[in-house]
Structure formats: C-alpha cells, structure tokens
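Have the sequence and the 3D view ready, and pick out each residue as we come to it.

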There are 2 protein chains.
Amino acid sequence: MKTMEGMVIPEFDDVIAAHERIRPYVHRTPVLTSSYLNALTGAELFFKCENFQKAGAFKVRGACNAVFGLSDAEAAKGVATHSSGNHALSLSYAAGRRGIPCHVVMPRTAPQAKKDAVRGYGGQITECEPSTTSREAVFAEVQARTGAEFVHPYNDPRVIAGQGTCSRELMEQVEGLEAVVAPIGGGGMISGTCLTLSNIAPGVRIYAAEPKNADDAARSFRAGHIIADDAPETVADGLKVPLKDLTWHFVKNHVTDVLTAEEDEIVEAMKTTWKRMKIVIEPSCAVPLATILKNPEVFRGKRVGVIITGGNVDLDRLPWMKG
Amino acid sequence: MKTMEGMVIPEFDDVIAAHERIRPYVHRTPVLTSSYLNALTGAELFFKCENFQKAGAFKVRGACNAVFGLSDAEAAKGVATHSSGNHALSLSYAAGRRGIPCHVVMPRTAPQAKKDAVRGYGGQITECEPSTTSREAVFAEVQARTGAEFVHPYNDPRVIAGQGTCSRELMEQVEGLEAVVAPIGGGGMISGTCLTLSNIAPGVRIYAAEPKNADDAARSFRAGHIIADDAPETVADGLKVPLKDLTWHFVKNHVTDVLTAEEDEIVEAMKTTWKRMKIVIEPSCAVPLATILKNPEVFRGKRVGVIITGGNVDLDRLPWMKG
C-alpha cells in the first residue's frame with residue numbers, strides 16, 4: 001500500500017499477498033471458450049468464470065482478503081457493509097469462514113434470491129431504500145451500533161487488491177491476451193484488473209463495459225472527473241453504483257476505454273451466453289459481451305479476456321421472461 | 001465387436017477406437033463439484049459436464065463415431081436418424097464436420113430450440129407425430145427415399161461404443177469412484193457406461209435414473225424383459241424412448257439398479273443445479289440428482305460420478321415457469 005493524495009492505494013505486492021491469504025477460501029475458476037461466440041464476434045474470447053466462484057461471484061476475493069487480513073481484536077467485532085448484493089453474499093461467506101459476525105445493509109428492492117443467500121451464509125440484513133443516499137445513511141446507523149469493521153464493496157484498497165487476483169489467474173491461464181473486458185459499476189473489479197495488468201502485462205488493453213442506462217463511468221471517463229447518478233435503472237443490477245475516489249484513480253490512469261450497451265443488447269447477450277455456453281450468468285456479466293458485439297472493430301482478430309463476474313440470478317425472474 | 005444372439009455387440013476395444021476417432025471433433029468435458037450439493041446429499045458428487053460438449057450433449061460422441069467410421073462410399077449418401085432432439089443435433093454436427101448430408105425425423109412437438117439447432121448445423125428435418133410408432137413409420141419413408149446410412153439414436157453398436165468414451169474420461173479424471181449415475185431413456189449412455197466400466201472398473205456400481213412417468217426401464221429391469229410404452233409424458237423429454245435389444249443387453253447384465261423420480265423432484269433438482277452450480281442443464285440431466293436426493297442411503301459417504309448429459313434447453317419455456 002502507498003498513500004497518495006489522501007488515499008491508501010494498493011500496489012501489486014498487495015495482490016500477491018492477497019492471493020496467498022485467500023487461496024484456502026476461494027476457487028481458481030476455470031476459463032471457458034465458445035467456438036460459436038468466437039465466430040459471432042470475430043475475436044478469440046476467453047471467459048474467466050467467476051460465476052463458478054464461492055458465493056457465486058468474484059467479490060469473494062476482495063471480501064476474503066479484507067476479512068482474513070484483520071487482527072483478531074478487529075475481527076472480534078465483526079464486519080459490515082452496504083451492497084447491491086454480491087459483496088453482501090461474499091462478505092457473509094468470508095465472515096462465516098472466519099467465524100465472525102457480518103452486518104449487511106441492502107436495498108429492499110434487491111432480488112429475493114440475493115437476500116436469501118446472504119441469510120443462508122449467516123449475514124444479518126438491515127434494509128434501506130434503493131438509492132445511494134439512503135444506503136449510506138442507514139449504514140452509518142448500523143456501524144455506530146455494532147462497531148464492526150467497514151468493508152466497502154469496492155472503494156477499499158484491501159478489496160481492490162483481492163479483486164486483482166482474478167486477472168492474475170487469467171494471465172496465467174491464457175497466453176498472449178491483447179485485451180481484457182470487465183463490467184464496471186463502482187469499479188472494484190476494473191481497479192483490481194488495472195492494478196494487476198499495469199504491473200505484469202502493461203501492453204494489455206483494459207476495457208470497462210457499462211449499461212448505457214447507468215453510464216456514469218463512461219461520462220466520468222470523458223469528463224475527466226467523477227460523475228455520480230443516484231439510483232439509475234438497469235437490468236444489470238450489480239452495476240448501478242458510482243465510482244469513488246480510489247476506483248476513479250485506477251480508471252482514469254489505466255482504462256483504455258469505457259464502452260456501453262443498451263438494455264436489450266445486454267439481455268440478448270445474456271441469453272446467448274446461457275444458450276450457447278450453458279452457463280448461468282448475471283445480467284451484469286453480459287455487458288462485456290454486449291459491448292464486444294457492438295464494437296466488433298475494436299476486438300476483431302484479438303485474443304480477449306472477458307471477466308464473467310457472477311452467476312447469482314433469481315431464476316424465477318429472468319429478464320427475457322418479463323413484459 | 002462380437003456377434004451374439006443375433007446382435008452385434010460392441011466391446012471395449014471399440015470404445016478405445018472410438019475415442020481416437022472422435023477426438024478431433026469432441027471436447028474432453030470438465031468435471032465439476034459443488035460443496036453445497038455434497039452437503040445436501042451427504043455424498044461426494046463429481047459431475048461430468050456433457051452439457052459443455054459440442055452440440056450441447058454427450059450424443060455427439062456416438063454420432064461422430066458412427067459418421068467418421070463410414071467408408072467414403074457409405075458416407076456419400078449421407079446419414080439419417082430419428083431422435084427426440086440431441087441425437088439429431090449431434091448427427092447433424094458430425095455429418096457437417098464430414099461434409100455429408102444428414103436427414104432427421106423429429107416429433108413435431110420437439111422444442112423449437114432443438115429444431116432450430118438441427119437446422120443450424122445443416123440437418124434436414126422431416127416431422128412426425130410424437131409417438132414411437134409414427135416416428136418409425138415416417139423414418140422408413142425417408143430412408144427409402146435417400147439411401148442414407150441409418151444411425152439409430154442408441155440401439156447401434158457404433159453409438160454405444162462412442163458413448164462409452166464419456167465414462168472412460170470420467171474414470172481418468174476422478175480417482176476412487178464407487179458409483180456412477182446416468183439418466184436412462186433408450187439406454188445409449190447407460191450401455192456405453194456399462195461397456196466401459198465392466199471392463200476397466202468392474203467394482204463401480206452403475207445406477208440408471210429415470211422419470212417415474214416414463215419408467216419403462218425400471219419395470220423392464222424388475223420384470224427381466226423389455227417393456228415399452230408409447231409416448232409417455234415427462235418434463236425430461238430426452239428420456240421418453242424405450243429400451244431396445246442392444247441396450248437391454250447391457251442394462252440387464254451390468255446395471256445395479258434403476259431408480260426413479262417424480263416430475264416435481266426432477267424440476268426441483270434441475271433448478272437447484274442451475275442455482276448452485278451455475279450451469280444450464282436439461283431436465284433429463286436432473287433426474288440423477290433427483291434420484292440421489294430421493295435415495296440418500298444408497299449414496300451417502302460414497303464418491304459418485306454423475307453424468308450431466310446435455311444443456312439444450314428452450315430458455316423461453318423453463319419448467320418452473322409453467323402453470
């Protein structure tokens with residue numbers, strides 16, 4: 001870690017340390033390919049399948065790094081967070097493995113499947129309204145009451161260092177990658193990807209993929225400063241949250257471009273992935289494929305890593321079934 | 001191959017030859033595990049994921065073995081079959097790879113997704129009524145017209161030898177298996193499993209899993225002779241067809257037991273697999289897990305291979321969405 005402009009910024013040594021720390025608690029997830037999707041896109045796509053990860057999403061990497069890096073005295077009071085879902089699952093899982101409490105503030109509108117899963121891992125939920133402002137206010141009350149250690153879903157150097165282990169594995173698993181595409185919400189996965197690739201593979205281009213309906217990262221990237229929206233509406237419910245100072249630091253310094261996709265393009269890419277690759281992925285994970293299909297000239301002929309970030313879907317409410 | 005009681009019966013040498021022959025055209029599919037499902041069943045389950053196979057199902061193994069074993073003169077007239085779906089896809093895929101025609105007789109009620117996929121691989125469909133008798137009558141017309149080589153979906157020694165490559169891989173991928181469970185419809189996968197395991201791992205118990213609504217194999221097994229039903233109704237649409245002489249030969253000689261599950265148990269097992277393992281599987285593939293959950297005393301504490309036979313599902317018509 002280094003301190004710069006008032007922020008504690010993780011370094012690549014922290015990624016290596018995180019990888020050792022979390023290894024007993026997370027999967028080294030497989031990389032899958034699809035000859036159908038290669039033909040469709042004209043690129044060679046390598047899907048890093050974090051939907052097969054413990055707790056069903058990459059976020060368990062950062063959560064485990066934070067939880068298992070605490071001293072025993074810190075850990076005794078438990079951990080707390082606010083989350084649109086997967087970080088809540090992941091922190092609950094990590095806390096459960098360490099045997100400490102986990103307090104979670106979640107929007108009341110979060111999918112029932114995610115609430116059930118948090119409780120299944122032993123997390124204790126306090127509900128808030130589905131807006132960033134409400135979420136932060138309710139969380140402050142919970143933290144004051146419990147004294148638990150705050151683990152932010154993404155704007156936390158321990159979390160970013162943990163997420164950086166994903167692209168480190170991807171680079172070990174696939175030779176000669178020329179680009180990596182990952183979804184961007186708050187920017188935790190993208191920041192970890194930037195941290196790792198800028199150190200071990202600085203020539204690899206990094207694309208952030210975002211729903212057009214929640215394109216605050218794309219607008220921030222063009223404007224040169226953080227633009228935050230309150231409660232955007234998108235099927236990619238994991239990507240509604242805004243950038244914060246630490247993730248913005250990585251995005252502005254290392255991301256090649258932020259690409260966006262429309263809602264119907266995201267749903268179509270999600271359904272195509274289910275149909276052809278036979279894997280269950282969240283709408284958020286379909287945003288990279290949607291942007292690749294929308295910008296074929298950027299990716300054609302290239303070896304492209306795609307981070308499939310998670311697979312926690314409410315199977316009773318699939319987006320192509322609505323309306 | 002050996003001839004016995006008027007049948008040409010494949011031997012283990014044919015499995016080895018099939019494995020070499022089909023290797024360029026099929027995947028060596030991965031074996032996945034789930035700590036959740038292990039805890040739920042009390043067994044150690046190893047899922048052989050043929051849903052990730054080319055054309056989305058194990059049937060491509062037998063189809064490729066038949067197609068690539070033909071002489072050039074035989075192949076020139078093409079191949080033909082009747083199938084409830086996945087064999088049709090698979091034979092179309094295999095024929096396409098060899099560059100020969102594939103004629104397919106399919107029930108008009110087969111899922112649209114399967115018809116589209118057959119045509120996508122270049123197969124030419126002739127529709128029949130959804131009964132075994134209609135299927136066989138229409139097929140006779142097609143074969144007389146084209147002179148194509150008949151490749152039966154399961155009652156064919158070339159097909160059974162091809163399917164036997166699946167459990168051969170499974171035994172290489174997982175040490176110390178004590179039982180293998182696979183769905184049974186016509187019995188092609190089970191026969192291939194029997195052929196392989198009786199030769200290389202005769203101590204491994206073989207369980208056939210069948211929908212209670214289409215339990216002709218279970219009743220045949222108890223009665224000691226083939227009992228065939230015409231057009232049974234089950235959500236596991238790949239398992240409606242009856243045993244034939246060649247598959248019955250393997251079932252009666254090598255299967256430990258035929259276990260059955262109710263429709264709601266199959267759908268629940270399918271949904272649980274999607275939710276927890278994040279893989280798209282057909283209803284037919286959920287029958288083994290449903291029977292394991294229903295007969296925990298048979299499997300508890302054992303290392304059990306489970307054949308996930310395919311992943312070709314109509315995503316617009318999921319069984320838990322009906323009604």
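B:Arg108 is partly exposed, with a relative accessibility of 44%. Keep in mind that we're looking at a predicted model here. So who does B:Arg108 pair up with? Its side chain meets the one of B:Glu129 in a salt bridge, 3.0 Å from N to O. The two sit in distant parts of chain B, 21 residues apart: B:Glu129 is in the loop between strand E7 (124–128) and helix H7 (132–146), while B:Arg108 is in the loop between strand E6 (102–107) and helix H6 (112–120). B:Glu129 is partly exposed too, at 39% relative accessible area.

**More salt bridges**

How many salt bridges does the structure hold over all chains? The count is 36. Another one in chain B joins B:Lys115 to B:Glu127, with the closest N and O atoms 3.1 Å apart. This pair again links distant parts of the chain, with B:Lys115 in helix H6 and B:Glu127 in strand E7, twelve residues apart. Is B:Lys115 buried or exposed? B:Lys115 is buried, with a relative accessible area of 6%, whereas B:Glu127 counts as partly exposed at 39%.

Over in chain A, salt bridges with shared partners join A:Lys48, A:Glu50, A:Arg61 and A:Glu169 into one network.

Back in chain B, the side chains of B:Glu50 and B:Arg61 also form a salt bridge, at 2.6 Å from N to O. B:Glu50 lies in the loop between E4 and H3 and B:Arg61 lies in helix H3, so the pair ties together parts that are eleven residues apart in sequence. B:Glu50 counts as buried, at 0% relative accessibility. B:Arg61 is buried as well, with a relative accessible area of 0%.

| Salt bridge | N to O distance |
|---|---|
| B:Glu50 and B:Arg61 | 2.6 Å |
| A:Lys271 and B:Asp316 | 2.7 Å |
| B:Glu129 and B:Arg108 | 3.0 Å |
| B:Lys115 and B:Glu127 | 3.1 Å |

**Where the two chains meet**

How much area do chain B and chain A bury between them? It's about 1,800 Å², and 61% of that is on carbon and sulfur atoms. B:Lys278, B:Leu315 and B:Met321 supply 35% of the area that chain B buries against chain A, more than any other three residues. The contact takes 23 residues from chain B and 23 residues from chain A.

There are two salt bridges between chain B and chain A, and one of the residue pairs joined this way is A:Lys271 with B:Asp316. The chains also share twelve residue pairs in polar contact. Which element gives the largest share of the side of chain B that touches chain A? That's helix H12 (residues 263–277) of chain B, with five residues. Sorted by class, this side of chain B has eleven nonpolar, five polar and seven charged residues.

**Inside the protein**

In soluble globular proteins, nonpolar side chains tend to be buried together. The largest nonpolar core in this model has 77 residues, and the members that touch the most others are A:Leu45, A:Trp274, A:Val304, B:Leu45, B:Trp274 and B:Val304.

Now find helix H10 (residues 216–223) of chain A, whose buried residues are A:Asp216, A:Ala217, A:Ala218 and A:Ser220. What covers them? The cover includes strand E10 (205–211), helix H11 (245–254) and strand E11 (257–261) of chain A. Just after H10 of chain A, A:Gly224 takes a positive phi of about 85°.

Most residues other than glycine have a negative phi. A:Lys278 isn't a glycine, yet its phi is positive, at about 60°. You'll find A:Lys278 in the loop between helix H12 (263–277) and helix H13 (283–294) of chain A, and A:Lys278 is buried, with a relative accessible area of 6%.

B:Ala55 isn't a glycine either, and its phi is positive at about 65°. Where is B:Ala55? Look in the loop between strand E4 (44–49) and helix H3 (59–68) of chain B. B:Ala55 is buried, with a relative accessible area of 8%.

Definitions and conventions
Residues are numbered from 1 along each chain as its sequence is written. Chains are lettered from A and ligands numbered from 1 in the order in which they are written. This is a predicted model: local features need pLDDT of at least 70, side-chain atom pairs count only at pLDDT 80 or more; totals for chains, interfaces and linings use all residues. Side-chain values use heavy atoms; hydrogens and water are left out. Contact means heavy atoms within 4.5 Å. Buried area is the accessible area (1.4 Å probe) that two parts lose on being put together, summed over both. A salt bridge is a side-chain nitrogen of Lys or Arg within 4 Å of a carboxyl oxygen of Asp or Glu. A polar contact is a pair of N or O atoms within 3.5 Å; within protein, one must be able to donate a hydrogen and the other to accept it, and residues adjacent in sequence count only if both atoms are side-chain atoms. Helices (H or I, at least four residues) and strands (E, at least two) are DSSP runs, numbered from the N terminus. Ala, Val, Leu, Ile, Met, Phe, Trp, Tyr, Cys and Pro count as nonpolar, Asp, Glu, Lys and Arg as charged, and the others, Gly among them, as polar. A nonpolar core is a set of buried Ala, Val, Leu, Ile, Met, Phe, Trp, Tyr and Cys residues joined through side-chain atoms within 4.5 Å. Buried means under 20% relative accessible area, exposed over 50%, partly exposed in between (1.4 Å probe, protein chains only).
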